[in-house]
Amino acid sequence: MTGSAGNTGGTVNAADLAGWIRHAAELVSADAERLTRLDAAIGDGDHGHNLDRGFAAAVAALPADAPPGKTLIAAGRAIVSKTGGASGPLYGTALRRMGKAFGGASDEQGVDAALLGEGLRAALDGVRELGQAADGDKTMVDALVPAAAAYDEALAAGTDLAGCVRAAAGAAERGAEETVPMQARKGRASYLGPRSTGHMDPGAASTALILRALADVV
Ligand code: ADP
Ligand code: MG
């Protein structure tokens, strides 16, 4: 989905971000059963369904003529109000914070690689504040932390926006894999104690999907 209007390779505009949300909705919908199966193993088996509903609502709420920040804020607000479970407020907050971090960037200016990195950081901070999960607690934080770190590292090395996002998506996938042996210390899976080991955290898995969706569209 490259080459959308206004995307010169170094920035994303509102249409690109709307394309991200739409593609994330497609990937979540295609993988809803796997996400639900992961959640059935260590939670209550609703994660795929929750996110499928939430992202469908986000797609429906995408504004027609809004700058980049407002586009993500609208998507995040819809996810908070329409997604069940712990993950709804967390993902909704992440998108709203990312949108806020884009501030008043106009659609003509777009969001460059540095500002997108700030947005990713803001999303992670929002999830941490709301969920109070530490690194290694076996949550979506364990996919977001390596993603933000890989993004920043790529940016510092002079990588373009698409390369930074690809680095973040790859790191999120590896971070999700690394949740398999972890014992959950936050959320529903923590009720299982040591029996929560041996399964990938569903929220880390969906975070990897959502960042893959962004890598696909930039
Ligand atoms: P619920 O657990 O309420 O059924 P979901 O199944 O939709 O909600 O989402 C579960 C995912 O939410 C977990 O796999 C985990 O990644 C994430 N999660 C749960 N609690 C927290 C938290 N406090 N901080 C960060 N992520 C969390
Ligand atoms: Mg659940």
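Mentor: Definition to begin with. On a 1 Å grid over the protein atoms alone, a cavity is a set of points where a 1.4 Å probe fits but cannot get out. Lining residues have an atom within 4 Å of a point. Grid points are joined across faces, edges and corners, and a volume is the space filled by probe spheres set on the points.

Trainee: Okay. And what kind of model is this?

Mentor: This is a predicted model: local features need pLDDT of at least 70, side-chain atom pairs count only at pLDDT 80 or more, and totals for chains, interfaces and linings use all residues. Residues are numbered from 1 along each chain as its sequence is written, chains are lettered from A and ligands numbered from 1 in the order written, and side-chain values use heavy atoms, with hydrogens and water left out.

Trainee: How many cavities of 30 Å³ or more are there?

Mentor: The count is 2.

Trainee: Which elements give two or more residues to its lining?

Mentor: Helices H5 (87-101), H6 (113-131) and H9 (202-217). Helices here are DSSP runs of H or I, at least four residues, numbered from the N terminus. H5 gives the most, with 4 residues. The lining includes Trp20, Phe55, Tyr91 and Thr207.

Trainee: What classes of residue are in that lining?

Mentor: It has 11 nonpolar, 1 polar and no charged residues. Ala, Val, Leu, Ile, Met, Phe, Trp, Tyr, Cys and Pro count as nonpolar, Asp, Glu, Lys and Arg as charged, and the others, Gly among them, as polar.

Trainee: And the second largest cavity? What volume does it have?

Mentor: About 40 Å³. Its lining has 8 nonpolar residues, no polar and no charged. Among them are Leu116, Tyr151 and Val165. H6, helix H8 (161-178) and H9 each give two or more residues to this lining.

Trainee: New topic. Where does ligand 1 sit?

Mentor: In the largest pocket. A pocket is an open set of points with protein on both sides within 12 Å along at least five of seven lines. A molecule sits in one if more than half of its atoms lie within 2 Å of its grid points. The largest pocket holds about 500 Å³ of space.

Trainee: Which residues lie nearest the pocket's centre?

Mentor: Ala86, Ser87, Leu90, Gly187 and Arg188, out of 26 lining residues. By class, the lining has 10 nonpolar, 9 polar and 7 charged.

Trainee: What about the ligand itself? Which residues come nearest?

Mentor: Asn50, Ala86, Ser87, Gly131 and Asp201, of the 20 residues around ligand 1.

Trainee: Which side chains have polar atoms by the ligand's oxygens?

Mentor: Asp44 has one 2.9 Å from a ligand oxygen. For His47, the distance from a side-chain N or O atom is also 2.9 Å. For Arg188, it is 3.2 Å. A polar contact is a pair of N or O atoms within 3.5 Å.

Trainee: How much of the ligand's accessible area does the protein cover?

Mentor: The cover is 93% of the 560 Å² that ligand 1 has on its own. Those areas come from the Shrake-Rupley method with a 1.4 Å probe.

Definitions and conventions: A residue is near a molecule or strand if one of its heavy atoms lies within 4 Å of it. A polar contact is a pair of N or O atoms within 3.5 Å; within protein, one must be able to donate a hydrogen and the other to accept it, and residues adjacent in sequence count only if both atoms are side-chain atoms.
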